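Dear colleague,

Please find below the structure I am handing over to you, together with its sequence. My findings follow directly after it.

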Amino acid sequence: MKGLLLALGAPLAAGLPAPIDNSFPTLGLANITKIGVSDIKGRSLSGPQLGVDFPDPSIIFGDGSWKAYATSSNGKHIPVATSGDAFSWNLESVDALPDPGSWVDPNDRGIWAPDVQKNDAGTYIMYYTAHKNGGSHCIGAATSGSALGPFTPQGQPLICNDAGGGVIDAAGYDDGVDRWITWKVDGNSLGGATTCQGGSPSGGYTPTPIMIQRMARDALTLLDGPSQILDNEGASNNGVVEAPALYKIGDGNYILFYSAHCYSSDDYDIEYAFSSTINGPYTNRGILLRSVDNKGIWGPGGLDIDPNGKNVVFHGRLNANDGGGAREMYSATLTINGRDVSY
């Protein structure tokens with residue numbers, strides 16, 4: 001599928017995010033590439049009909065090559081794939097987080113949506129989501145001198161919010177002066193009208209705000225207090241926004257990428273919104289990629305962008321109406337107004 005360009009300037013249908021302001025850039029994806037079994041597990045294996053899960057991928061360039069990390073799968077708490085060009089990948093045999101931490105529920109060791117940053121001291125910091133023993137999902141932090149790990153977890157979670165339904169999908173960002181962390185308050189886990197919950201839909205839609213907070217340069221110490229920068233729009237996105245990722249573009253505006261709808265639905269998509277300040281609010285929402293774009297990708301989501309704003313990774317399923325199917329990783333080149341984002 002190399003060479004495809006997804007233009008995003010057309011008005012959006014009713015029930016979807018409002019048309020974007022023409023004063024903002026138009027975004028697109030080029031060179032969309034599925035990372036199949038033969039690539040991600042080694043050239044000796046055939047596929048991709050065998051399928052491989054690599055959900056919620058994140059990307060970083062570290063220790064001489066690209067690294068991608070995923071939600072627990074492939075027999076690992078945090079599997080890692082490596083690449084020399086951010087398009088051809090190999091699945092490594094290591095578990096980047098062999099021990100999620102003493103605070104994690106021993107009966108629920110599944111780890112979600114890792115994100116890795118490199119702090120000013122050269123230490124790699126991993127943010128991840130785990131179920132706290134006796135509580136809800138929290139965001140943890142772990143450190144390593146190597147991008148491949150093993151990462152050593154901190155003794156306590158970094159962020160929790162039991163009353164809000166837990167917190168998930170942490171992602172870091174360095175604007176050159178301050179470091180920041182974004183995350184989702186997992187309100188849909190409390191129920192409400194959304195279908196993306198454990199019970200039966202009823203009542204109204206619960207908040208699922210995307211939050212942001214400033215951090216020290218060590219990428220481990222929280223500063224100030226959190227701010228809400230985006231929330232779901234109720235029925236139009238099934239009461240869910242999640243998986244935030246930030247980037248600052250050349251005109252000084254910030255782009256917040258996120259996913260909306262339920263992750264197991266074909267309606268799950270990759271969206272974006274703009275703000276003139278990093279801590280929002282983010283408005284002028286648009287859709288970057290969705291199942292109906294006829295790219296052969298169903299339920300695309302969980303996009304992460306490299307710090308240079310050029311390469312992105314995200315997951316998608318191979319078949320329609322297959323909410324429990326493998327979420328395979330895709331790579332793409334981000335474009336703004338038809339041009340590659342410059343470093």
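In which strand is Asn284 found? Asn284 lies in strand E17. Please note that the model is predicted.

Backbone geometry. Asn284 has a phi of about 55°, a positive value although the residue is not a glycine. With a relative accessibility of 24%, Asn284 counts as partly exposed. Asp56 also deserves a remark: its phi is near 55°, again positive in a residue other than glycine. Asp56 sits in the loop between helix H1 (37–40) and strand E2 (58–62), and Asp56 is buried, at 17% relative accessible area. By way of background, most residues other than glycine have a negative phi, and most peptide bonds are trans.

Cis peptide bonds. Gly149 and Pro150 are joined by a cis peptide bond with omega of about 5°. Pro150 belongs to the loop between strand E8 (137–144) and strand E9 (152–153). The bond from Gly280 to Pro281 is likewise cis, with omega near 5°; Pro281 is in the loop that runs between strand E16 (269–275) and strand E17 (283–289).

Nonpolar cores. The largest nonpolar core comprises 36 residues, and Phe257, Tyr282 and Phe314 have the most contacts inside it. Strand E15 (residues 254–260) gives the most to this core, namely six residues. A second, separate core of 18 residues includes Tyr69, Val104, Tyr128 and Cys138.

Yours sincerely

How values were computed: Residues are numbered from 1 along each chain as its sequence is written. This is a predicted model: local features need pLDDT of at least 70, side-chain atom pairs count only at pLDDT 80 or more; totals for chains, interfaces and linings use all residues. Side-chain values use heavy atoms; hydrogens and water are left out. A nonpolar core is a set of buried Ala, Val, Leu, Ile, Met, Phe, Trp, Tyr and Cys residues joined through side-chain atoms within 4.5 Å. Buried means under 20% relative accessible area, exposed over 50%, partly exposed in between (1.4 Å probe, protein chains only). Helices (H or I, at least four residues) and strands (E, at least two) are DSSP runs, numbered from the N terminus.
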